[in-house]
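Please walk through the charged and aromatic side chains of the chain shown here.

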Amino acid sequence: MKSVNGGKEPTGRLPYGSAFKVAVMEPDEKTDTVDTALFFRFKNVCGATPYFIGPVPFFTHEVNAPIFIGD
């Protein structure tokens, strides 16, 4: 199903499994923060689409804050 969205998806990680992808959005140098967002996909018997449904706002991280990146 890679023909959906031209096979393109955001660069990110799957720290919580394959249900969704966490991607870093725009960093803000004025406030020293970075926003993350979730991207989802469809799965069925034919396969799975790229992670393109989103962005859904997730966490805002400050400078030197710990970020969970998975295994």
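A salt bridge is a side-chain nitrogen of Lys or Arg within 4 Å of a carboxyl oxygen of Asp or Glu. The model is predicted, so local features need pLDDT of at least 70 and side-chain atom pairs count only at pLDDT 80 or more, while totals for chains, interfaces and linings use all residues. Residues are numbered from 1 along each chain as its sequence is written, and side-chain values use heavy atoms, with hydrogens and water left out.

The count is one salt bridge. Lys21 pairs with Glu9, and their closest N and O atoms are 2.4 Å apart. Lys21 lies in strand E1 (residues 21-28) and Glu9 in the segment before E1, 12 residues apart; strands are DSSP runs of E, at least two residues long, numbered from the N terminus. Lys21 is buried at 9% relative accessible area, whereas Glu9 is partly exposed at 35%. Buried means under 20%, exposed over 50%, and partly exposed in between, with a 1.4 Å probe and protein chains only.

Aromatic rings of Phe, Tyr and Trp (its six-membered ring) pair if their centres lie within 6.5 Å; planes under 30 degrees apart are stacked, over 60 edge-to-face, and the rest tilted. There are six aromatic pairs. One of them, Phe58 with Phe59, is tilted, at 4.4 Å centre to centre and 50° between the planes. Phe58 is partly exposed at 31%, and Phe59 is partly exposed at 45%.

Strand E5 (residues 53-62) includes Glu62, which is exposed at 57% relative accessibility.

Terms used: Helices (H or I, at least four residues) and strands (E, at least two) are DSSP runs, numbered from the N terminus.
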